[in-house]
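The following note sets out several points on the model under review.

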Amino acid sequence: MVYLPPPHLASASRPSYGEAYAKILAAHRRSPKTAASSVIILVAPDVDALCASKMLADLFKQDDVMHRIIPVSGHAELERIRDELTTYADLHTLIMFNMGAILDLPSAEWFGHFPTSLTVHVIDSSRPQNLSSVFGGGENGDRIVIWDDGAVEGLQEERKAWEVLTYAPDDDSDDEDSDFDSEEEAQEDEEANEDEEDYENGDGSPSRKRRSLGEGGRKQGKRRKVDQPNRISREERAQHEARLIKYYQSGTWHGQSASGTMYILATVLERVDNDLLWLAILGLTYQYVTSRISREEYDKYQSIYYDEVARLNPAPPTGLGDDFKSQNPDDHSVYASEELRFMMFRHWNLYDAMYHSSYVASKLGIWKERGRKRLTGLLAKMGFSIAETQQPYSHMAKDLRLSLRQKLDQLAPEYGLVELSYPSFMRCYGYRSQPLSAGDAVEALSALIDIAGGTRIEVEIEGTRNGGEWFGGGKVWEGGREGRYRDDERENIPPAVLANVVKAQMQAQADAEGKETGEGEELQWWVRNFWSAYDALSDIERLREAISLSMALHRAIIRQGSSIIDKQDIKTLRGHRVVVLTQGPDLPLFVHPGVLARLALWLVDALRDRVEPTAPVYARSRRKALPFVLACLNEKAGTYIVVGVTGAPDFDDVRKNEFGLAFLDAKERCNARTRHGTFDTSVLEINKDDLKVFLQTLCEGGERY
């Protein structure tokens, strides 16, 4: 049993993050073979895990620890990598970010058969956790190290139930031997009394006691008698089973972000700087904007980072609002700010930023003509002309930008827009770029992870809006800067960039060959997406380029979401809202689970005030929620990608997502052909022909307990 409490709960007998990191360094320095394959970091494809892996990689770099980062798309890919790791003779440390919490890692199915020198560190924000990994003992249990956020302290009842069910014998397990026990009982009583007297008098030793219990058939009869008081009745066993069922089947939720855990480690090691602080802020912001944590949880961690920002940075310039700039060429400060719930408004125009905001959509109903008129009416009341709101925000008149928040505070409540901002942060990048907010950076990184490659999407070119530059238009996204120096003279290309260009060309050639042979195509796009996002963490130019990709993605989401509501494609089945996408120009975009989940969250936000919350028949909790099920046809694979989202009736609140277990239950009852391609249990890939019966079975629910 190895779970690491946070530092404030640690003690001499209970080590925390710093001690675990010291053991990793010690194992690496003791290893006779210090290769990159001796320390391996497995990373899930989300912004939080991405930032956490970057933070840990920076710490390892400072300590000269060679390591290797491997992106992992889902459970199937994790199984393949597990089999591959068995061939790594010098592997001694495996670190898993945002994966593995729900898996029985000590079992032979996962890492039970690996050499005892291997230690597996699990840093996963998803809940619930597998209690065998958290509380399991023995050689295999001790090699699994869970980096906990303090939540395990509240699982004492679950721990007791798990230990009783795992170690205590059954009440009726030895019924067959009961006659044998009764015949031997008289003979054993005398020896039992002698043993007890020895212990009472202090003459017995633990080793002697073990010998007396393990020798011969008669002694085994005694063993059964000694164990008798530890047996539990069927009623007690049922109570413990019910407690574990309640824990595992209450739905999925999220705890402290993986990047937040890494920031605590950096604090313990006294290596905190603005780079690590910014990555931790991005991980927290990602959890909030994707509705993984509630506003209450977000505020708790945001207040901690607010203090850290004040400690590590100079006081921000006053009186500039959203118009402040870097103070010098090397200014990389982080500032606290109030972030408006307008989509990337500093990089878009004001009208589009408000139009593509899910919060504004829910209050004004922008998918209808009336809602769009209300939006233009609000802007007119604020004194913003149509021409002003249609040009880039940075080109608007300065007095309008400075008065924006004041006018919104005065007029927005008339339209129900009472929660237009939330506390967040911004970062300066010297003179290379305008300051970037945490929300905008998260949107750009998410877009890179989801659709930087593997799909075709057109992005808008700055200056081509409203017919400018040869009647307007856009260009197809080409994945950033890989071809930036392709047409330049060779001698003018920096050596490092030249190496990257050559590498990109070789990779493109390999991809083309793989495409011709039909191999490797599915593997490559999400791996490239991960590394594109990883590089963008330390390259502001790549990150700014990705903002246009994120804008194109949100246009597609609003376009599809408005079409769904206008055409009344939302079907209500026993309290569920079900949408099935089978056609449309953006269909290839929504086969990506991350993009489909964004659409589901947008629909939840848009319809929160317009539909009646319900409690699904399979839900353990009677709390009302907004269960949405979205399915998108993947024409190439002949399957549907299905996403389940449990929205909360109140804005900024969250509900536990119970779709993971509901999906498994429906699959078993209707024998549908399905596959889990991601670490999110509420995302499922199902055979095209099985979708209808699967949805019917899902919505009918069933007694699973």
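1. S125 is buried, its relative accessible area being 2% (buried means under 20% relative accessible area, with a 1.4 Å probe and protein chains only). The model is predicted: local features need pLDDT of at least 70 and side-chain atom pairs count only at pLDDT 80 or more, while totals for chains, interfaces and linings use all residues. Residues are numbered from 1 along each chain as its sequence is written, and side-chain values use heavy atoms, without hydrogens and water.

2. S125 sits in the loop between strand 5 (119-123) and strand 6 (126-127) (strands are DSSP E runs of at least two residues, helices H or I runs of at least four, numbered from the N terminus). Beyond neighbours within four places in sequence, S125 is in contact with residues including D48, N98, W253, H254 and Q287 (contact means heavy atoms within 4.5 Å).

3. The largest nonpolar core has 192 residues, and L42, M96, F97, L282, F342 and W602 touch the most other members (a core is a set of buried Ala, Val, Leu, Ile, Met, Phe, Trp, Tyr and Cys residues joined through side-chain atoms within 4.5 Å). Helix 23 (residues 540-566) gives the most to this core, namely 13 residues.

4. Leaving aside neighbours within four places in sequence, W602 is in contact with S358, A361, I366, W367, I557, I558, G561, S562 and I565.

Key. Buried < 20%, exposed > 50% of the residue type's maximum accessible area, 1.4 Å probe, protein only.
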